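Please keep the view open while reading.

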Amino acid sequence: MKGLRHFVDKIKPNFEKGGKFEKLHSSFDAFETFLFVPNHVTRTGCHVRDCIDLKRMMIVVVMALLPALLFGMYNTGLQHFRAVGMADASLMQCFGFGLWKVLPIIIVSYVVGLGIEFISAQIRHHEVNEGFLVSGMLIPMVMPVDVPLWMVAVATAFAVIIGKEVFGGTGMNVFNPALLARAFIFFAYTPYISGEKIWIAGLTKGEGIVDGFSGATPLSDAASAALTHSEIHWTMGGPWDWFIGTIPGCIGETSTLAILIGAAILLWTGIASWRVMLSVFAGGYLMGLLFNLIGANAYMEIPAYYHLLMGGFAFGAVFMATDPVTGSQTNTGKWIYGFLIGSLAVLIRVINPGYPEGMMLSILFMNAVAPLIDYYVVQANMNRRARRVKVAQ
Amino acid sequence: MFSAKNMKLLTSPFGVNNPITVQILGICSALAVTAKLKPAFVMALSVTVVTAFASLIISLIRNGIPSRIRIIVQLVVIAALVILVDQVLKAYVYDVSKQLSVFVGLIITNCIIMGRIEAFALGNKPWPSFLDGIGNGVGYGIILIILGFFRELLGAGTLWGYPVLEKLGLYHVGYVNNGLMILPPMALICVGLIIWIQRSRNKNLIEK
């Protein structure tokens, strides 16, 4: 560790003003602060400075994502081997296959995203924004495993440039970049991210697939039943399987259990807001109950807690909705923001089977509305205090 | 006839005074008709004709228009021209006219035309007004054609209906058309990108 510090200190003058590689200062700064907590101190005024800066925070989120990612890799292999009729594949076989499938997507997402971040930081002489550490991990986790790599690259570039750099970089973006990347693929290359075939590796090619294997997710089961006004036929086990996550779906979203472990890490370290998380689940559950009361078709009649287990609901609630940049900032605002995300997601799922996964659209929509919520919360507070002053007079 | 001043009227809307990217007018139709190159071109041509002749006619009668009812007079002139254009399109390029559908009629409400008449033709002689109208119509058209070019090429893989990307053999190596390009939101993003490029090349255009 000391040797590394010495090395960094030795090469540092080259990157300062007047040094040989002055132009690469942003990149150097990024790596230095990545390796060591910067020793900035506040010089004026009263200001508490915590040693946990944005980079350290992001790393905790990446760690919280790991259980879901590792399970996603295992599940990718498991689903593939089930589809080709090798039910006896061992845990390591499944995991190895998944690693081989998922790793390229992660690499593409990081290389493209960080490449753009570094270039734009260099052009503007900024520090490199660390926000992409998390986005780069989230993007692969909300993709189906068979998505072509160049699409991931295009979507990542779109999300980073249009979603983030245009607005001024990390901390200024209106929309969650990872969800924007997914939305881009969803609208641009729809057949590659929706339907029944694409969630399992190798299923679209159809080589060696067991006869009659459908590969439908619980969400698409429910959506197609709602379209044909028939009873729902769950092809992929019951709620317990959905909770554990041994179902087809996007790479990181299937296992509610692994996501909850991540949620525990985020809440324990105090990085994510428990208000948002709790209210997203509450909103989804209450909306599910409301649909139970209406009960117009089979989709509306499913138990409300099913909605929390299916698709990307839990993933969105824990990792996407809690994004501190794009969400509401006020505490009351967080309750409203989360509640609306959950209820809108279920509303979109049930009412519009054309968009089986409502979570992405509802979070993006609420991202846009979040500043408005904050505005009214702050205004309400000001009005309340103004009234109090009047009463006192 | 073509003094430096007049030439400036004609050419400044192409770049530094572009109706779409600088004045941000006429965005609605620019998003709606540019999914394909051919309708974009026809639309650009129609708007140029209407802007040019509406400016000319209003400028000719500008001293006779009572200012309290000038908007009505302007609308009558524009509407008459639009109906003429619509009839010509229906007669000669019926399929494109079908594609443009309501947007030919909506040229009447295109802010560029009204804007140029109010801002320029009412206070200037016919010939400069005519040039100003052509300039703004073409300036609008340039953006439409750029948008139409990229949206058709990336969204449908064709240009003017000709399957360019298929002939190049891109589909064999796994290329897929970008469906988002066909949708109007992406057109708005593309307009934004054009504005971005233009303003980073010409810093004078950046608002303080």
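**A buried ion pair and its surroundings**

With a relative accessible area of 1%, A:Glu117 is buried. The model is a predicted one, and the values that follow are computed from it. The side chain of A:Glu117 forms a salt bridge with the side chain of A:Lys164, with an N to O distance of 2.9 Å. This pair joins distant parts of the chain, 47 residues apart: A:Glu117 belongs to helix H4 (residues 91-124) of chain A, while A:Lys164 sits in the loop between H6 and H7 of chain A. A:Lys164 also counts as buried, because its relative accessibility is 3% and the cut-off for buried is under 20%. Side chains of opposite charge can pair when their charged atoms come close.

A further salt bridge in chain A links A:Arg349 to A:Glu357, whose closest N and O atoms are 3.2 Å apart. Both partners, A:Arg349 and A:Glu357, are buried. Over all chains, the structure holds seven salt bridges.

One of the salt bridges is in chain B, between B:Asp86 and B:Lys90, with the closest N and O atoms 3.5 Å apart. B:Asp86 and B:Lys90 are separated by about one helical turn, because they are four residues apart in helix H4 (residues 70-92) of chain B. An α-helix has 3.6 residues a turn, so residues three or four places apart point the same way.

Chain A as a whole comes next. Chain A contains 16 helices and zero strands. Of its 393 residues, 51% are buried. Among the contacts in chain A with a separation of 6 or more, 69% are between residues 24 or more positions apart.

The largest nonpolar core has 143 residues, and those with the most contacts inside it are A:Phe184, A:Ile185, A:Leu266, A:Phe315 and A:Phe319. Helix H3 (residues 54-83) of chain A gives the most to this core, namely 12 residues. In soluble globular proteins, nonpolar side chains tend to be buried together.

A:Phe319 shows what such a position touches. With neighbours within four places in sequence left aside, A:Phe319 is in contact with A:Ala64, A:Leu65, A:Leu138, A:Ile259, A:Gly262 and A:Leu266. How many residues of helix H14 (residues 313-320) of chain A are buried? Eight of its eight residues are, and the helix is mostly covered. The buried residues of H14(A) include A:Phe313, A:Phe315, A:Val318, A:Phe319 and A:Met320. A:Ala314, A:Gly316 and A:Ala317 are also among the buried residues of H14(A).

The next step is the boundary between the chains. There, 11 residues of chain A are in contact with 12 residues of chain B. The area buried between chain A and chain B is about 830 Å², and carbon and sulfur atoms give 77% of that area.

Which helices of chain A each supply at least two residues of the side that touches chain B? They are helix H6 (149-163) and helix H7 (177-188). H6(A) gives the most to the side of chain A that touches chain B, with five residues. By class, the residues on that side of chain A divide into 11 nonpolar, no polar and no charged.

B:Thr48 lies in helix H3 (residues 37-60) of chain B. At a relative accessible area of 15%, B:Thr48 is buried. Its side chain reaches the backbone oxygen of B:Ala44 at 2.6 Å. Not counting residues up to four places away in sequence, B:Thr48 touches B:Ile134, B:Gly137 and B:Val138.

The other position is B:Lys8, located in helix H1 (residues 4-11) of chain B. Is B:Lys8 buried or exposed? B:Lys8 counts as exposed, because its relative accessibility is 60% and the cut-off for exposed is over 50%.

Key:
Residues numbered from 1 in each chain as written. Chains lettered and ligands numbered in written order. Predicted model: local features only at pLDDT ≥ 70, side-chain atom pairs only at ≥ 80, totals over all residues. Heavy atoms only, no water. Contact = heavy atoms within 4.5 Å. Buried area = accessible area lost by both parts, 1.4 Å probe. Nonpolar A, V, L, I, M, F, W, Y, C, P; charged D, E, K, R; others polar. Core = buried A, V, L, I, M, F, W, Y, C linked by side-chain atoms within 4.5 Å. Buried < 20%, exposed > 50% of the residue type's maximum accessible area, 1.4 Å probe, protein only. Salt bridge = Lys/Arg side-chain N within 4 Å of Asp/Glu carboxyl O. Polar contact = N/O pair within 3.5 Å; in protein donor to acceptor, adjacent residues only side chain to side chain.
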